[in-house]
Amino acid sequence: MNRLPRVLLACLLGTACVHRDYPQALRVYDDVADSGPELSLALYQSVGVGLRTGHVVELVQDARILERLEAEIREARESIHLLASNWQPGEASERLLRALSGRQPGVVCRILVDSLHSPGFQDTVEPRLVQAGCDVRAFRPFVGSEVVFNDERLEARNHRQLVIRDGRSGLTGGSGVGPEWRTGQTPVNAWRDTYVHVEGPAVRQLQQAFARDWLEAGGGLLPESAFPTLEPRGEARAGFVASTGSPSLSHSERMVQVLMAAARRRLWLTNACFVPTAATVDTLIRKARAGVDVRILVPGDEATSGVLAAQRASYERLLESGVRLWEYQSAPLYARTLVVDDQLTAVGSNNLEPNASAMLEEGALVVEDAPLARALADSFERDLSHAVEVRKEEWRERGWLDRVGSPLPPSATGCR
């Protein structure tokens, strides 16, 4: 991988490079079913992905994410594919290095990393992965002097998090490989994140998303064996929605609008980068006014001041309309999840922020499964016990917005 100048990297980690200043027009006013064939058809019309039956799904969170990654590597018999938007040296990296070095003989290891947000990866991690026999590629790399601030590759990055074992099981979630995930004794710098593990036909969609980015990175086409025939494994209905940055409307935006439109009783949203478009705010308000229990969990004081200022710019309208908001305090929040009513969920990497939709490769697994929805709702309620609710009557008195200055445009948030 090519080395990115440190000064430039530091600048990029603190601010985005573009500002998407046109109004996002899509709003789904039609009644959308929250389950069944009608929901699947609505998604298919919007993003070309319907929900197929035949899946086993499991919520995987915090420290268990790393444990599950290690287990997938141990169980691999043909291939292990890993795509990370960021990979940082630390305990998690060391454990994955050991697992990959000890994988079964003959297992092909392909790793794709967005090095722009992976300080230290090239010098300290990549050589050891190569020594372990892994094929390591950089997503849209840079070559020293050719890097300029208006280089399109600074803007169009990869934010997907994917792990696919043998083309038969997969994981996706909100963050890459960090210093460590949260455990029972939460270190201050540990990440709070949510992944979902899936077996069944949707794994082929995760593999296709990886294959597309792998091919762009110069890795070539995957062999036919990477796409085995996948028999139904369970009762859950699922589909993976891959989104590529778009100057108009991305699949990520379309998917979120459809899922929010499906809410009748509950719409609980966790997002690590909540700088919503006018269309998203309008839909949340419309649902709250219709009696839907709309709750939003976003980063608190662990976020950068730019993120806080930008996300708080939308609070007043939401609070006035009955939407409830919490800011998470326990650790840096990386989860991106959605719970709709009693069966519908989405877990992935999608930021609710205009520049992310315009420029980033994203992805989310949409699932219709009552047990998974219950597990994610229970997790959401536990997270609220580590969060501070932003109450309408206290908003102006506490001066939360003043603590971080005036609202910033989405281009200044530095969301990751």
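Me: Against which elements do the buried residues of α2 pack?

Reply: The model is a predicted one, in which local features need pLDDT of at least 70 and side-chain atom pairs count only at pLDDT 80 or more, while totals for chains, interfaces and linings use all residues. Residues are numbered from 1 along each chain as its sequence is written, and side-chain values use heavy atoms, with hydrogens and water left out.

The buried residues of α2 pack against β8 (236–243), α7, β13 and β14 (362–368). Contact here means heavy atoms within 4.5 Å. Buried means under 20% relative accessible area, exposed means over 50%, and partly exposed lies in between, with a 1.4 Å probe and protein chains only. Element names follow DSSP runs numbered from the N terminus: helices are H or I runs of at least four residues, and strands are E runs of at least two.

The helix itself comes next. Helix α2 covers residues 36–47, which makes 12 residues, and it reaches 17 Å from its first C-alpha to its last, close to the 16 Å expected at 1.5 Å a residue. The expected span is 1.5 Å times one less than the number of residues. Gly 36, Leu 39, Ser 40, Ala 42, Leu 43 and Val 47 are the buried residues in α2. They lie on the same side of α2, because they cover an arc of only 160° around the axis. This arc is taken from the directions that run from the helix axis to the C-beta atoms. Pro 37, Glu 38 and Gln 45 are exposed on the other side of α2. After the helix comes Gly 48, with a positive phi near 75°.

Helix α7 (residues 251–261) and helix α8 (residues 278–289) have axes that come within 10 Å and cross at roughly 5°. The two helices are therefore roughly parallel. On the α7 side, the contact is made by Gln 257, Met 260 and Ala 261, and on the α8 side by Ala 279, Thr 280, Thr 283, Leu 284 and Lys 287. Axes are lines fitted to C-alpha atoms, for helices over the stretch in contact, and angles between N-to-C directions run from 0 to 180 degrees. Angles under 35 degrees count as roughly parallel, over 145 as roughly antiparallel, 65 to 115 as roughly perpendicular, and the rest as oblique.

Asp 341 lies in the loop between β12 (336–340) and β13 (344–348). This residue has a positive phi of about 55° although it is not a glycine. Asp 341 has a relative accessible area of 1% and is therefore buried. Its backbone oxygen lies 2.6 Å from a polar atom of the side chain of Arg 266. A polar contact is a pair of N or O atoms within 3.5 Å; within protein, one must be able to donate a hydrogen and the other to accept it, and residues adjacent in sequence count only if both atoms are side-chain atoms.

Arg 266 belongs to strand β9 (residues 266–271). With a relative accessible area of 16%, Arg 266 is buried. Leaving aside neighbours within four places in sequence, Arg 266 is in contact with Val 292, Asp 293, Val 339, Val 340, Asp 341, Asp 342 and Ala 377.

The 15 residues of α12 (residues 370–384) should span 21 Å at 1.5 Å a residue, and the end C-alpha atoms are 21 Å apart, which agrees. Asp 369 caps the N-terminal end of α12, with a side-chain oxygen 3.0 Å from the backbone nitrogen of Leu 372. Glu 381 is also placed in α12, and with 42% relative accessibility it counts as partly exposed. The C-alpha atoms of Glu 381 and Trp 268 are separated by 9.7 Å, although the two residues are 113 residues apart along the chain.
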